Amino acid sequence: MAAPDHAAREGAKVTSKLAALPPDTPFYTFEVFPPKTDIGTSNLIDRLERMTALDPAWVHVTWGAGGSTHETSLDLAGAAQGMGIDTCLHLTCTNMLKDVLDGALEVNPPRGEEYWTAASDQFQHATDLVQYIRSTHPGTFCIGVAGYPEGHADSTDKAADIEYLFQKQEAGAEFVVTQLFYDIDVFIAWYRACRARGITIPILPGIMPIQNYQSFRRMTNLCKSQIPPQIVTELEIIQHDDAAVKDYGVSLAVKMMRALRAEGILGYHLCTLNLEKSVTRVLNQLEWVTPESVAAVKRARAGEPLAPLAKGVNALRGATNSPASWDEFPNGRFGDARSPAYGDLDGYGVGLKLPPAEALRQWGYPTQLSDISRLFSSYLSGTLPSIPWSEEPLRAETTSISQSLFRLNDERHWWTVGSQPAVDGAESGDEVHGFGPKGGYVYQKAFVELFMGDSELTEFERRAKEDADARREAGKGDEGVVKYFAGNRKGDSRSNMAPGDVNAVTWGVFPGKEIITTTLIEEMSFKAWKEEAFSIWIEWSYLYPAGSPSRKFIQGLADSRWLVSVCHHDFRDEKGLWEWLLAQPKEP
């Protein structure tokens with residue numbers, strides 16, 4: 001659910017803006033999510049300024065469950081407000097406490113950083129949030145709520161979902177933004193059912209132009225979206241060609257919005273994934289923006305007196321010089337931490353992606369190391385669909401290193417949460433390793449991220465230094481082939497990388513193009529991921545009762561283990577990393 005216009009500027013109400021539109025005029029909003037790093041946030045703020053030239057009705061900023069991204073979400077919302085953009089700040093019931101909600105509504109970040117395991121009984125459903133905001137801030141906010149054209153993920157009764165949406169309207173909601181979808185027929189049937197029930201407030205369909213195949217799979221998996229078979233087939237054919245996927249995503253979004261426009265729908269919610277080019281192309285092809293209209297908006301905004309940005313936002317904007325278009329492909333955990341697209345694509349921050357009952361069913365009640373190793377190995381073998389750190393199936397390339405991963409997990413209790421094999425010049429059209437346009441070649445250095453104990457890390461470091469010294473003495477260079485970052489929950493860090501060094505571990509060479517590096521591991525992105533990885537340990541522990549053996553055991557692991565990201569830089573040696581790791585003597 002969302003609470004827009006949190007500065008409550010006179011005349012900025014969404015309802016007032018929509019009422020002022022000429023009849024039959026389409027409008028659209030943009031959604032952005034908080035990047036994980038300050039530099040990424042700084043670049044997104046600069047990008048927001050350019051996106052305002054497309055004249056969105058307002059901008060949505062996502063909010064992590066329980067306020068897990070509250071500081072960055074509020075910074076982004078404040079920056080948008082300071083640019084003169086009306087802003088809709090998302091709020092969720094998940095682990096939401098009253099003081100966190102009050103802090104957001106007062107535009108003051110809540111104090112403290114904790115995981116909220118037992119939220120107030122006051123906020124069990126979105127209707128509770130709507131009623132609370134209506135009662136405590138009467139007339140201040142225009143409130144929007146979520147709608148689920150394909151049914152809520154935790155519900156099996158679509159009719160009941162529509163009834164709940166009606167209750168949100170009766171509680172004071174003034175517009176609806178829907179979950180993303182790709183089946184037009186399903187949406188239209190749901191939309192008509194909503195109108196038949198008496199839901200009269202504006203309904204904005206959630207449209208996400210597909211940016212690349214992997215992010216599409218992840219988002220639709222998280223949202224439990226039903227994908228028409230034709231779309232699945234067409235995407236599978238081009239999945240390794242990022243440019244072709246982006247073109248397809250733009251064309252599909254345009255086709256969907258034209259069909260919805262024919263149904264009489266005027267408003268649209270565009271999920272940007274913090275990237276501007278695809279939504280720009282969509283609006284251009286719909287002829288809803290033109291070069292002339294963009295120039296007119298820029299001239300109009302140039303004359304507006306903008307509110308001063310908050311001190312924290314100004315500090316972020318000074319963090320780096322942002323290029324006009326940092327990148328246009330969504331970054332996963334190992335992307336460029338400077339990118340505005342670096343972060344969780346779903347925008348909800350740290351958190352388990354399964355309902356508690358399903359998580360307990362899959363992961364059981366671990367109380368010893370072998371229980372954790374069994375969980376990881378079951379995931380590697382495909383007999384378990386998820387682990388706390390990943391809800392997606394493993395990629396096909398993992399098969400070539402799976403036996404080494406089994407041994408690391410089972411023999412050492414080094415639990416692996418990310419990995420890739422070495423690749424020396426696979427064709428870019430290769431079904432397993434390829435990416436980008438055909439006719440190129442793809443290279444990868446082997447890497448793995450795993451949890452290990454303190455004394456094991458000490459021995460690991462000794463061996464890495466010994467190998468580097470030996471190479472230096474043999475005249476093979478000043479650096480070793482094994483490079484690593486390590487961090488623990490307390491905030492300690494260890495590494496053999498110099499400040500500013502970067503591990504570029506995946507790149508492609510294509511005709512007529514610069515070398516494209518798609519996967520980077522460097523200190524900033526590693527630290528951001530490390531914080532998330534250990535937070536997931538803690539959230540996992542909260543599935544179990546306080547004082548229970550499983551909670552104590554999992555929290556003990558979170559306090560005693562290190563997350564280690566290790567890369568082997570000889571990409572021609574397919575077995576190099578795995579043989580080096582497994583050569584370390586086992587602890588008694």
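The legends below describe close-up views of a predicted model.

Residues are numbered from 1 along each chain as its sequence is written, and side-chain values use heavy atoms, with hydrogens and water left out. Because the model is predicted, local features need pLDDT of at least 70 and side-chain atom pairs count only at pLDDT 80 or more, while totals for chains, interfaces and linings use all residues.

View 1. Strand S13 covers residues 482-488; strands (E, at least two residues) and helices (H or I, at least four residues) are DSSP runs, numbered from the N terminus. Seven of the seven residues of S13 are buried, so the strand is largely enclosed by the rest of the structure. Buried means under 20% relative accessible area, exposed over 50%, and partly exposed in between (1.4 Å probe, protein chains only). In a regular strand the side chains alternate between the two faces of the sheet. Here Val 482, Tyr 484, Ala 486 and Asn 488 point one way, whereas Lys 483, Phe 485 and Gly 487 point the other way.

**View 2. The strand partners of S13.** Two strands pair if DSSP finds at least two bridges between them. Strand S17 (residues 561-568) runs antiparallel to S13 and is joined to it by seven bridges. Within S17, Trp 562 is the bridge partner of Asn 488. Strand S14 (residues 493-495) also pairs with S13 in the antiparallel sense, over three bridges, and Arg 494 of S14 stands opposite Ala 486. Four residues lie between the strands in the hairpin of S13 and S14, where Gly 491 takes a positive phi near 105 degrees.

**View 3. A salt bridge between Arg 192 and Glu 263.** A salt bridge is a side-chain nitrogen of Lys or Arg within 4 Å of a carboxyl oxygen of Asp or Glu; by this rule the count comes to 22. In the pair shown, the closest N and O atoms of Arg 192 and Glu 263 are 2.8 Å apart. Arg 192 lies in helix H7 (residues 184-197) and Glu 263 in the loop between helix H10 (242-262) and strand S8 (267-271), so the pair ties together parts that are 71 residues apart in sequence. Arg 192 is exposed, at 51% relative accessible area, and Glu 263 is partly exposed, at 24%.

View 4. In helix H17 (residues 454-473), Arg 472 and Asp 469 are three residues apart, or about one helical turn. Their closest N and O atoms are 2.9 Å apart. Arg 472 is partly exposed, with a relative accessible area of 39%, as is Asp 469, with 24%. In helix H18 (residues 523-541), Glu 523 and Lys 527 are four residues apart, about one turn of the helix. This salt bridge has its closest N and O atoms 3.1 Å apart.

**View 5. A nonpolar surface patch.** Tyr 441, Val 509 and Ile 515 form this patch, with about 270 Å² of accessible area together. Such areas come from the Shrake-Rupley method with a 1.4 Å probe, and for residues only the protein chains shown count as cover. Patches are made of residues with over 30% relative accessible area and no salt bridge; nonpolar side chains (Val, Leu, Ile, Met, Phe, Trp, Tyr) are joined within 5 Å, and like charges within 9 Å. Val 509 lies in strand S15 (residues 502-509) and is partly exposed, at 34% relative accessibility.
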